[in-house]
Amino acid sequence: MALPIPTAPGYNQMLKEGASRYSGVEEAVIRSIEACVEFSKTLRTSYGPKGLNKMVINHLEKLFVTNDAATIIRQLDVQHPAAKLIVMASEMQEKEVGDGTNFVIVLAGALLEQAEELIRMGLKPVEVIEGYEMARDKILEELLPNLVCDEIKDADNVESVMKAIRTSVMSKQYGSEDFIANLVSKACIAAKTPNAAFNVDNVRVCKVLGSGINKSDVIQGMVLKKNVEGDVVKASDAKVVVYTCPIDISTTETKGTVLIRNAEELKSFSRGEESMLEEQIKAVADAGAKVIVSGGKFGDMALHYCNKYGLMAVRVQSKFDVRRVCRTVGATALPKMVAPKSEELGFCDQVYIDEIGDTALVIFRQNDKQSKISTIVVRGATENVMDDIERAVDDGVNTYKVVTKDGRLVPGAGATETELAKEVTSFAETLPGLEQYAVGKYADALQSVVSAIADNAGIKSNDLNTLLMAAHQDGSKNAGIDIEKDTAAVVDAVKANIFDTYLSKYWGIKYATNAVCTILQVDEIICAKPAGGPKPPKQGGDWDQD
């Protein structure tokens with residue numbers, strides 16, 4: 001007799017208790033879209049030069065006051081799977097370009113909002129995806145390259161580099177963009193190695209509390225927020241030796257027992273250790289070094305001999321800063337306390353102590369192009385203000401890196417998005433199938449990015465979009481938003497010196513569209529049993545038996 005086959009249980013009964021499943025357009029697609037649009041709206045108000053700040057308190061109760069999207073999403077722990085896809089796209093933009101993270105989130109949110117309208121009208125998600133991909137390919141292959149209005153050919157010229165850096169800084173520090181862009185340009189050009197890729201880590205930021213942003217400065221070399229260990233506070237044309245070990249009497253690797261019979265033996269034993277340490281430091285001084293940098297502590301006896309032989313003693317606690325000091329002076333870090341060879345010594349024009357405000361600084365300053373590190377000393381009234389300036393500097397430095405790869409610039413102030421929207425609308429009218437609706441909605445999404453800049457600047461976006469589109473229809477490809485005026489007005493972005501890098505727009509459009517298409521392809525969401533360990537035993541039960 002055959003065994004009876006049980007009837008198939010419902011889908012949810014196959015999964016563990018607590019699992020959930022959402023399927024179909026209404027449950028899976030629309031719910032995902034709504035979550036992403038809400039997330040996008042949160043950051044939409046922070047977009048543009050007059051974007052509003054968010055106050056974020058992270059899990060360690062640290063306070064962030066910023067409109068930098070990358071910082072906000074880094075501190076937020078986004079749980080929704082669809083919203084996480086947009087966060088990933090934004091993080092990829094941060095890694096690839098270093099700027100334009102908010103552009104990705106705002107564009108992705110606008111595209112999903114338009115997709116929801118199309119789906120409710122009766123289009124299938126697959127048809128929306130096809131239309132979006134057609135619009136993306138048309139923009140990246142044909143339309144965007146035609147909008148290039150300038151190119152930075154000399155990455156060593158401060159004036160030309162500032163054109164690209166100024167706009168990325170403006171979105172964080174509106175009003176101080178020219179001053180900060182000038183600092184960043186000088187620092188990047190000083191730290192650029194000829195015939196090699198630009199390393200973002202070569203431009204450091206040192207934040208010193210007090211005064212105002214206009215007192216910030218660039219120093220070619222390394223700045224450390226600390227004091228020297230010994231009595232020597234200045235050295236010029238100095239050879240520098242760098243150790244990763246402590247400068248002290250070396251401890252033996254194995255334990256030993258020493259039998260001392262009288263006072264004379266005790267004196268000679270300690271004198272032997274002292275004379276050995278003196279010989280080591282004398283050998284360093286004889287090698288020509290004037291400055292000792294150590295990644296460990298300086299012992300009292302070692303400091304005595306450093307002062308005796310006129311050596312400046314600097315302690316650096318971070319191993320990363322030890323490497324940067326080595327790059328600044330061109331030294332080799334030594335792991336043991338031995339006399340350095342001539343090729344292991346670094347050279348620095350000036351090493352000295354300075355005091356800015358109440359903060360003591362040790363400065364390794366190089367006078368010519370031999371330093372690979374430059375430092376921007378940022379001044380500000382509060383830590384939060386300086387943190388925001390640091391983020392603006394970071395965006396500027398990443399923009400410089402982009403410029404060294406591809407110097408092409410497109411007009412900013414919403415001019416690029418408006419021109420693309422106009423061209424994509426014309427392209428949609430030539431398409432015969434249902435995809436024309438999705439392509440047309442792509443153009444609307446691009447215009448809503450421009451509306452976000454206008455809304456945050458307090459300008460009526462409807463009036464402005466009409467003015468902008470009219471200007472572009474008349475052939476003004478570079479017409480953008482004039483946020484200086486209270487009413488809707490148009491400005492020539494190229495004449496106003498407002499540019500965006502070609503790569504930030506290219507990757508931003510690509511990542512945003514790819515993320516949206518991935519979200520629209522999802523037709524089912526299955527959540528396994530949520531974590532949380534075993535349930536507590538029932539009344540009178542036993543943990544082990546359960």
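Serine 32 is found in helix H2, which covers residues 24–44. In this predicted model, serine 32 has a relative accessibility of 4% and therefore counts as buried, the cut-off being under 20%. When its neighbours within four places in sequence are set aside, the contacts of serine 32 are His80, Ala82, Ile519 and Ile525.

The protein as a whole is built from 16 helices and 18 strands, and 49% of its 546 residues count as buried.

**Strand E8 and its partners**

Strand E8, residues 289–294, has five of its six residues buried, so the rest of the structure largely encloses this strand. E8 pairs with strand E7 (residues 234–243) in the parallel sense, over five bridges, and in this pairing valine 242 has valine 293 of E8 as its bridge partner. E8 also pairs with strand E9 (residues 312–315), again in the parallel sense and over four bridges; here the bridge partner of isoleucine 292 is alanine 313, in E9.

**The cavity**

How many cavities of 30 Å³ or more does a search of the whole structure find? The search finds one, and the volume of this largest cavity is about 40 Å³. Its lining consists of Phe179, Ile180, Leu183, Ile213, Ser216, Ile376, Val378, Ile389 and Val393. Helix H8 (177–191), strand E13 (374–380) and helix H12 (383–405) are the elements that each give two or more residues to this lining, and H8 gives the most, with three residues. Sorted by class, the lining of the largest cavity has eight nonpolar residues and one polar residue, with no charged residues.

**Cysteines**

A disulfide is a covalent bond that links the sulfur atoms of two cysteines. The structure holds zero disulfides.

**Two loop residues with positive phi**

Alanine 413 is a residue other than glycine with a positive phi, near 60°, and this residue sits in the loop that runs between strand E14 (408–411) and helix H13 (415–429). Asparagine 497, although not a glycine, has a positive phi of about 65°, and its place is the loop between strand E16 (490–492) and strand E17 (499–501). Are these two residues buried or partly exposed? Alanine 413 counts as buried because its relative accessibility is 17%, which falls under the 20% cut-off, whereas asparagine 497 is partly exposed at 29%.

The table below gathers the accessibility of the single residues discussed above.

| Residue | Relative accessible area | Class |
|---|---|---|
| Serine 32 | 4% | buried |
| Alanine 413 | 17% | buried |
| Asparagine 497 | 29% | partly exposed |

Methods:
Residues are numbered from 1 along each chain as its sequence is written. This is a predicted model: local features need pLDDT of at least 70, side-chain atom pairs count only at pLDDT 80 or more; totals for chains, interfaces and linings use all residues. Side-chain values use heavy atoms; hydrogens and water are left out. On a 1 Å grid over the protein atoms alone, a cavity is a set of points where a 1.4 Å probe fits but cannot get out, and a pocket is an open set with protein on both sides within 12 Å along at least five of seven lines; lining residues have an atom within 4 Å of a point. Grid points are joined across faces, edges and corners, and a volume is the space filled by probe spheres set on the points. Ala, Val, Leu, Ile, Met, Phe, Trp, Tyr, Cys and Pro count as nonpolar, Asp, Glu, Lys and Arg as charged, and the others, Gly among them, as polar. A disulfide is a pair of cysteine sulfur atoms within 2.5 Å. Buried means under 20% relative accessible area, exposed over 50%, partly exposed in between (1.4 Å probe, protein chains only). Contact means heavy atoms within 4.5 Å. Two strands pair if DSSP finds at least two bridges between them.
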